[in-house]
Amino acid sequence: MVADIGSPEAHDGSGTFGSVMAHDTAGAVARPAAATTSSSVALLDHPVLVARDVSVGFGAKTVLAGVDLEFTPGTITALIGPTGCGKSTFLRSLNRMNDKVRGYWRTGAIEFDGEEISSHQMDPLVLRRRVGMVFQRPNPFPMSIGDNVVAGVKAHRLSPRRELPAVAERFLREVGLWSAVSDRLSDSPFRLSGGQQQLLCLARALAVEPDVLLLDEPTSSLDPVTTDMVEDLLRQLAPGLTMVIVTHNLAQAKRLAGTTAFLYNGRLVETGETERMFEAPNEPETVSYVSGRIG
Ligand SMILES: Nc1ncnc2c1ncn2[C@@H]1O[C@H](COP(=O)(O)OP(=O)(O)OP(=O)(O)O)[C@@H](O)[C@H]1O
Ligand SMILES: [Mg+2]
């Protein structure tokens with residue numbers, strides 16, 4: 001089985017920590033590690049990810065048209081807008097997560113590290129390693145806690161097998177989960193609390209050292225204390241990681257994002273520095289949305 005670590009369901013099957021659940025034992029995937037490391041993109045001062053005149057839709061329906069957005073290395077951008085405006089569809093377009101969704105289409109250009117993401121030189125699995133994703137609902141793989149963290153590292157052969165326990169520990173510590181799980185790495189992740197599962201998914205997403213992390217309402221199912229933890233972590237990661245976060249929580253956008261983009265009625269209404277977007281928006285729809293009159 002080819003492990004697509006970006007997908008909600010897929011998992012690499014070979015156990016390192018022992019697994020409490022039966023799963024595919026097909027072994028790690030023979031896939032060369034990506035040639036470039038995370039820091040190589042972050043060092044460049046041009047946008048790491050660019051959408052130009054992007055339209056997306058399903059079948060006859062256009063969800064968004066003519067979106068232009070750039071994501072600068074080391075920044076956090078919030079995508080806001082009312083339910084159904086296309087935030088998730090757009091976000092998932094950035095790492096080709098929608099490719100297999102029935103009826104999905106996209107026009108315009110999306111370039112990662114200067115290359116169109118749909119070009120045949122771009123391996124979608126490598127793209128999803130470098131442009132990772134965290135979903136609204138935690139989606140641990142059906143394997144042990146320890147194996148979850150290193151699933152992508154193994155699939156992409158980013159570290160020798162003997163180093164995997166150290167990699168798992170490093171990223172569990174990074175997300176603040178180590179002390180809670182250090183004595184149960186071989187256990188099922190499904191007995192962890194929802195918040196702990198989400199932290200585990202974050203650890204898994206970070207362990208492959210992506211350049212960009214796409215986060216689709218990552219804290220909407222978390223309690224305020226865990227939400228604070230996740231926000232602190234994202235802020236700490238920001239200098240070395242480019243993040244795009246979808247959120248309905250406008251206070252969260254203000255706390256986290258340097259740039260905010262407002263999507264509404266099938267288009268990108270306005271984007272800019274977060275404080276200005278909230279304090280002095282240019283467009284009447286943005287004024288209405290940030291003041292709570294629409295959405
Ligand atoms: N697989 C699909 N097939 C057809 N239409 C879809 C599909 N997925 C999403 N849509 C439609 O595309 C539009 C945008 O959906 P999307 O999930 O991107 O919105 P959203 O802004 O993320 O909303 P929310 O804030 O509720 O998560 C909606 O009208 C939705 O019904
Ligand atoms: Mg959504």
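I began with the open sheet, which has four strands in the order β2-β1-β4-β5 with antiparallel pairing. Strands are DSSP runs of E with at least two residues, helices are runs of H or I with at least four, and both are numbered from the N terminus. Two strands pair if DSSP finds at least two bridges between them. β2 (61-71) and β5 (115-116) stand at the edges with a single partner strand each, so one side of each has no neighbour in the sheet.

The model is predicted: local features need pLDDT of at least 70 and side-chain atom pairs pLDDT 80 or more, while totals for chains, interfaces and linings use all residues. Residues are numbered from 1 along each chain as its sequence is written, and chains are lettered from A and ligands numbered from 1 in the order in which they are written.

I then looked up β1 (residues 49-58), which runs antiparallel to β2 and is joined to β2 by seven bridges. Gly 57 stands opposite Thr 62 in β2.

Next I checked two helices. The axes of α4 (residues 145-155) and α5 (residues 164-174) come within 9 Å and cross at roughly 110°. Axes are lines fitted to C-alpha atoms, for helices over the stretch in contact, and angles run from 0 to 180 degrees between N-to-C directions. That makes α4 roughly perpendicular to α5, a term for angles of 65 to 115 degrees (under 35 is roughly parallel, over 145 roughly antiparallel, the rest oblique).

Last, I looked at ligand 1. Its surroundings include Phe 58, Lys 87 and Val 101, where a residue is near if its C-beta atom, placed from the backbone, lies within 6 Å. Helix α2 (residues 87-93) gives the largest share of this shell, three residues.
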